[in-house]
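Biologist: I'd like to go through how the labels on this one were assigned. Can you take me through it?
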Amino acid sequence: GTLRPGPSAPLVPTGRPASEPFPVPPRAALLLGYDLHPIEFEFVAARDLSLTERLEHGEFWRARNWAHPAWIASAANAIVRHNVDFEDGGYWMHAGVGVDLHQPVADGADLMVQGRVVELFERSVHRFMICDVLVTVGGAPAASIRSTSVYGAASVSP
């Protein structure tokens with residue numbers, strides 16, 4: 001993954017309701033442009049910062065009780081797993097993530113996660129999807145995430 005500070009523009013929600021049906025099977029025709037059903041959860045520093053204990057700069061995040069970017073990035077994995085029915089002919093693997101932080105996420109913050117599938121592509125073995133995800137706290141952008149994941153095996157050509 002990557003972490004970049006700075007003035008990148010967060011995903012702008014379309015204003016339309018999340019796509020139906022829900023969850024969708026891992027099929028290209030259904031995924032491209034699919035608006036993901038939002039998920040919500042709370043950041044609890046005492047629980048969620050345990051992942052920083054072995055990280056080089058983990059103390060920085062723990063001292064402030066702020067969510068670590070890796071923890072925030074897991075929201076992209078969670079929303080994809082919540083929206084795609086991988087039991088229906090596909091499988092999921094994390095392939096990459098980029099996180100742009102717009103503000104710190106403090107202990108006790110309620111996060112809203114929304115996004116959409118913006119690109120699909122294949123390589124020799126896997127089918128990939130790229131999702132743009134926005135994490136907000138109190139309606140204000142906290143992080144923009146571009147997540148790449150595998151959603152199944154590549155098409156087999158005769």
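Biologist: Why is Pro17 called exposed?
Modeller: Exposed means over 50% relative accessible area, buried means under 20%, and partly exposed is in between (1.4 Å probe, protein chains only). Pro17 has 66% relative accessibility, so it counts as exposed. Bear in mind that this is a predicted model, where local features need pLDDT of at least 70, side-chain atom pairs count only at pLDDT 80 or more, and totals for chains, interfaces and linings use all residues. Residues are numbered from 1 along each chain as its sequence is written, and side-chain values use heavy atoms, with hydrogens and water left out.

Biologist: Where is Pro17 found?
Modeller: In the loop between β1 (2-4) and α1 (28-31); helices (H or I, at least four residues) and strands (E, at least two) are DSSP runs, numbered from the N terminus. Its C-alpha atom is 9.8 Å from that of Pro38, 21 residues apart along the chain.

Biologist: How many helices and strands does the protein chain have?
Modeller: Four helices and six strands, in the pattern β-α-β-α-α-α-β-β-β-β along the sequence.

Biologist: What share of the protein chain counts as buried?
Modeller: 42% of its 158 residues.
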